[in-house]
Amino acid sequence: MVLRNSHARRVGAALALLASLPVLAVNAHAAAAEEVMKAGATIEIQNSTGKFDFLRIDAQRRRLLAAHENDGTWDVFDLNKGRLVTRLKVGGAVDTALDPTTGQYFVSVQEAQRVAVVDAKSLKEVKSIPMAGPTDAILFEPKNQRVYVTHDNGEHVWVIDPKAAKIVGAIDIPGAPEYMVCDAATNRIYLNIKTTDELVAIDPGSNKLVSRWPTAPAIKPHGLALDAQRQRLFVSGANGKLVAIDTMTGKITSSVDITEKVDQIAFDPGKHQIYCTGPDWMSVVDAASDQLKFIGNVRTAPTAKNVAVDPRTHAVWTTYTDGKSSYARSWLPK
């Protein structure tokens, strides 16, 4: 009986150790990331409970642009003064694009099926462009002076002439879209397709789909960022994988494990780091070499799934709500 009980105790201890390993791993990741990240400024929006969507930085005007989808507002923060500037009532905003020449913001308003045009100086809505369905990601392509808007969970990318304020084209895509980026070097727009696990390339000159590249092992790709200097794209899958894709060949050159259910990622070319935000955690990945290297996870908040990097200060901004107030919170590399 003594031997049997001793054996049982040893087995129980071993099982307890195995059960604790994931927690230990997460804690180790958090500790590692805290060595390179520290908490920065936090800006509170009182009596605000709705979730956010995509974040953007207007580096020229030193602004954080936050699509506050469930609050029905488009929120603008002054990065120099660390304060909220305005909350423009536009409806369920999901993303923002900027025309640096005209100084206009284009805000995709999903359920209202429109794009709100906002003057960057007055921060007032000056025009509304009706769309053919609910909208999602949006970007401005400077060479051809066009705005591109994805059809939320649909199979189209709409092309807008901002001067005429109307749709002038539609590009067929193979499945439901997520995030878009524009690469001036290759003259391509890149777009994640979450339902087919691929990245597609669009030629903005012809408005045709010209390439389709698989993203596996990144499954259900959401986050997307561009490293223009090294001609790489970074794609995050909902399954907790981040991959690097060569824009010249479409081949995956590296992959690394990150936190799961990442919605948005941001790349800081000055620090050569990628920030990947999902529920509760932000994964920090080093991209200084050809091989991606996981640094660690920083504890954020359950709803902090969006991220943007200030190129001047290298501050990493996230947004979230705690059910009473909403917050824009920054993290700083040490």
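Mentor: D99 is buried (under 20% relative accessible area, where over 50% is exposed and anything in between partly exposed, with a 1.4 Å probe and protein chains only), yet D99 has no salt bridge, and the nearest side chain of opposite charge, that of K163, is 7.9 Å away. A salt bridge here is a side-chain nitrogen of Lys or Arg within 4 Å of a carboxyl oxygen of Asp or Glu; for charge, Lys and Arg count as positive and Asp and Glu as negative, while His and the chain ends are not counted. This is a predicted model, in which local features need pLDDT of at least 70 and side-chain atom pairs count only at pLDDT 80 or more, although totals for chains, interfaces and linings use all residues. Residues are numbered from 1 along each chain as its sequence is written, and side-chain values use heavy atoms, with hydrogens and water left out.

D99 belongs to strand β6, residues 93-99, where strands (E, at least two residues) are DSSP runs numbered from the N terminus. A polar atom of the D99 side chain lies 2.9 Å from the backbone nitrogen of T101. Beyond its neighbours within four places in sequence, D99 is in contact with Q104, F106, F140 and Q145, contact meaning heavy atoms within 4.5 Å.

Side chains of opposite charge can pair when their charged atoms come close. The structure holds 15 salt bridges, and one of them joins the side chains of D58 and R61, at 3.2 Å from N to O. D58 counts as buried because its relative accessibility is 2%, whereas R61, at 25%, is partly exposed.

Another salt bridge is formed by E125 with R114, whose closest N and O atoms are 2.6 Å apart. This pair links distant parts of the chain, with E125 in strand β9 (residues 125-130) and R114 in strand β8 (residues 114-119), 11 residues apart. E125 is partly exposed at 31% relative accessibility, while R114, at 15%, counts as buried.

R230 and D290 also form a salt bridge, their closest N and O atoms being 3.2 Å apart. Here R230 sits in the loop between β18 and β19 and D290 in the loop between β24 (281-286) and β25 (293-299), so that the pair links parts of the chain 60 residues apart. R230 is partly exposed at 35% relative accessibility, and D290 is exposed at 53%. Finally, salt bridges that share partners join D71, D75 and R87 into one network.

Methods. Helices (H or I, at least four residues) and strands (E, at least two) are DSSP runs, numbered from the N terminus. A polar contact is a pair of N or O atoms within 3.5 Å; within protein, one must be able to donate a hydrogen and the other to accept it, and residues adjacent in sequence count only if both atoms are side-chain atoms.
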